[in-house]
Amino acid sequence: MKRFHLIPALAAALAAAGAGPAAAELVLESVAWQAGRVERPPRPVKFADATAVSLPKKGAPRLRAKAVLKNRGPKSVEGILVRYTVAPRLVPDRAVAAEAAWALPVLIDERRVPKIGPNQVLEVPLTLTPALENYLKRIARQGFRANRLKVSAMIETHADGAVRVQEAELEVSP
């Protein structure tokens, strides 16, 4: 009767051993900010990497992040989930930057990637607008502004137990 208690544990161990090598070969290599502008007549927004951005009252650039995934293994990896957050560093409108403080994440989201082939690098866009734009407008009405934005991203945890988070900051000027 006691041997039946070992079957679930044995099945879990075999599943973890089978998922381990595939999970270890997929890495989140980096995360970066991108900015783009909407042009008239409506055309697709062309995004470019950015380390700093100016957010005027009107005509603010569109923001997004990109995650670079790399599959170093000999097999395709399927069903990947990239989780990400965005946190602002807030400063009162009439204060110096020394009074700034990091706020809690204002955006928590995820992006599904169906498949990455063997030895392939894939850039995955992480959508931030309009949720981030709405938040920035709301804090502006309350007398604050963001002078930095930080995006943090990770791949959904796997059986190997490793949690690898990549972060990137964006300098924001009024």
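Trainee: Which share of the contacts in the chain with a separation of 6 or more comes from residues 24 or more positions apart?

Mentor: First, a contact means heavy atoms within 4.5 Å. This is a predicted model, where local features need pLDDT of at least 70 and side-chain atom pairs count only at pLDDT 80 or more, while totals for chains, interfaces and linings use all residues. Residues are numbered from 1 along each chain as its sequence is written, and side-chain values use heavy atoms, with hydrogens and water left out. For residues 24 or more positions apart, that share is 70%.

Trainee: In what order do the 4 strands of the open sheet come?

Mentor: Two strands pair if DSSP finds at least two bridges between them. Pairing in this open sheet is antiparallel, and its order is E2-E1-E4-E8.

Trainee: Which are its edge strands?

Mentor: Look for strands that pair on one side only. Those are E2 (48-50) and E8 (120-127).

Trainee: What's the bridge partner of Arg 89 in E9?

Mentor: E5 (residues 77-92) and E9 (residues 144-155) are antiparallel and joined by 11 bridges. In E9, the partner of Arg 89 is Arg 148.

How values were computed. Helix = DSSP H or I, 4+ residues; strand = E, 2+ residues; numbered from the N terminus.
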